[in-house]
Amino acid sequence: MIIDYKNLITATGLVLLTAACNQPANEPGTTEAAEQEANTVTACVGSLDRKDFQDTIDGKSSDLYVLKNSNGACAAITSYGGRIVSLVVPDKDGKPTDVSVGFKTVKEYQGPGDAYFGALIGRVGNRIAKGKFSLDGKEYTLATNNGPNSLHGGIKGFQAVVWNAVQSNDSTLSLSYVSKDGEEGYPGNLTVNVVYTLGADNAVKIDYKATTDQKTVANLSNHTYFNLNGEGSGTILNHLVQINADKYTPVDATLIPTGKLEPVAGTPFDFTKPAAIGARLDTNVNQQLKNGGGYDHNFVLNDAGTSLHQAAQVTGDQSGIVMDVFTTEPGLQFYIGNFMSGKSSFKSGAKDDYRTAFCMETQHFPDAPNQKNFPSIVLEPGKEYTSTTIYKFGVKK
Ligand code: GAL
């Protein structure tokens, strides 16, 4: 049977039918090619349905977009929060594997079960102590949405707004958002542009840019939760992690940095050589692990400058999938799903169980506006904020 994809898409709203992940082995146009394409599409993005991402949120329409390449990778991204909903790459046997955890519908992303899954984070990622900071002697007060602190841009951060989206081709999605002066307590109109690019090398590149009309602070990130063995495959504690950081920023019991940069050597924070995530997690032994409830800390990246450098490498113990993280940022928040509570169900039907996914959030350091010794996140009018992060996928046999 020859499938007419265009008509099917119109009839069913299944955007994902446009998104064959794998290059068909047969010549395009043949029956086998069409059938194979239909199968790989299913494997590519599971049972996601575009209709489930089309909603009107605060007067703006949300939608779902699919990037794909001819080497078995594809990414589904919703304009609601600029979230990576699905990220499929081949495992060591070539099996398409969704390495990002998330929900099936935009409604669930708006519900109480959401924990920034897949989302763009801003205006300031991570925590600001007591939700307060000063610029030029003027104090600003943000909503405190995480104990005494402000987390990830406040109550309605960039994860909870609909971005304008333009998809120019199969590999690029451009998202933009204007965060108004005073939004969540931050000064200045901030114009933000984020471009997702899926390369032929199975790398997802995220380019962030922002400008302001008033002095402000900006620290953007992405909060994709990864399970390199595939969503629903259980614990991430056996994944192997290497982080290119000789130091990290210890935190108090509310996860605000103490301001010190401490060496990782001789502590469970030493990932300078590959180590299993779960190998040294005894919170009775290490006060920092106790404060974080596990790893939930900012690592001070060794080669930080303004150009791209390798931050980390993670390997899925079952899938053989390897993720290399490159960034222009000086810090990396390594979070291992300590707050995942098993109360919600993901795309695959699996629960969001404790430590079944991890995040590698590239960033400037937490609480930067209040920490004199940390690199500044102040953005002035006439200057441009830029940041790039790459999550690149391969396999180890
Ligand atoms: C992380 C943060 C964690 C937790 C998580 C969301 O970025 O470091 O402490 O808040 O987001 O549940």
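The protein exposes about 15600 Å² of surface, and carbon and sulfur atoms supply 51% of it; accessible areas here come from the Shrake-Rupley method with a 1.4 Å probe, and for residues only the protein chains shown count as cover. This is a predicted model, in which local features need pLDDT of at least 70 and side-chain atom pairs count only at pLDDT 80 or more, while totals for chains, interfaces and linings use all residues. Residues are numbered from 1 along each chain as its sequence is written, and side-chain values use heavy atoms, with hydrogens and water left out.

Let us start with the whole chain. Of the 397 residues in the protein, 55% are buried, where buried means under 20% relative accessible area, exposed means over 50%, and partly exposed lies in between (1.4 Å probe, protein chains only). Four helices and 28 strands make up the secondary structure; these are DSSP runs numbered from the N terminus, with helices (H or I) of at least four residues and strands (E) of at least two. Among contacts between residues at least 6 apart in sequence, 67% join residues at least 24 apart, a contact being heavy atoms within 4.5 Å.

Now turn to a sheet. Nine strands form an open sheet in the order E12-E13-E14-E15-E28-E24-E23-E18-E21, with antiparallel pairing; two strands pair if DSSP finds at least two bridges between them. Strands of a sheet pair through backbone hydrogen bonds, either parallel or antiparallel. The edges are strand E12 (164–169) and strand E21 (275–276), each of which pairs on one side only.

Five bridges join E12 to strand E13 (residues 172–179) in an antiparallel arrangement, and the two strands form a hairpin with two residues between them. Here Val166 stands opposite Ser174 in E13. The next pair, E13 and E14, is antiparallel over eight bridges, with Thr172 having Thr197 of E14 as its bridge partner. Further along, strand E15 (residues 203–212) and strand E28 (residues 385–395) are also antiparallel, over eight bridges, and Val204 stands opposite Tyr391 in E28.

Strand E23 (residues 309–315) holds His309. Why does His309 count as buried? The reason is that His309 has 6% relative accessibility. Leaving out residues up to four places away in sequence, His309 touches Leu301, Asp303, Ala304, Val325, Phe326, Thr327, Thr328 and Glu329.

Next comes the interior. A nonpolar core is a set of buried Ala, Val, Leu, Ile, Met, Phe, Trp, Tyr and Cys residues joined through side-chain atoms within 4.5 Å. The largest one has 59 residues, and Tyr196, Ile243, Phe334, Phe358, Met360 and Phe393 touch the most other members. Strand E14 (residues 190–198) gives this core its largest share, five residues. Apart from it lies another core, of 21 residues, including Leu64, Phe117, Ala160 and Tyr335. Beyond its neighbours within four places in sequence, Phe358 has contacts that include Tyr225, Ile236, Met323, Phe334 and Tyr335.

Finally, look at the ligand. It is surrounded by 13 residues, of which the closest are Arg127, His152, His223, Asp296 and Glu361; a residue is near a molecule if one of its heavy atoms lies within 4 Å of it. An oxygen atom of the ligand is 2.8 Å from a polar side-chain atom of His223. From a ligand oxygen atom to a side-chain N or O atom, the distance is 2.6 Å for Glu361 and 3.3 Å for Gln333. Taken alone the ligand exposes 310 Å², and the protein buries 95% of that.

How values were computed: Polar contact = N/O pair within 3.5 Å; in protein donor to acceptor, adjacent residues only side chain to side chain.
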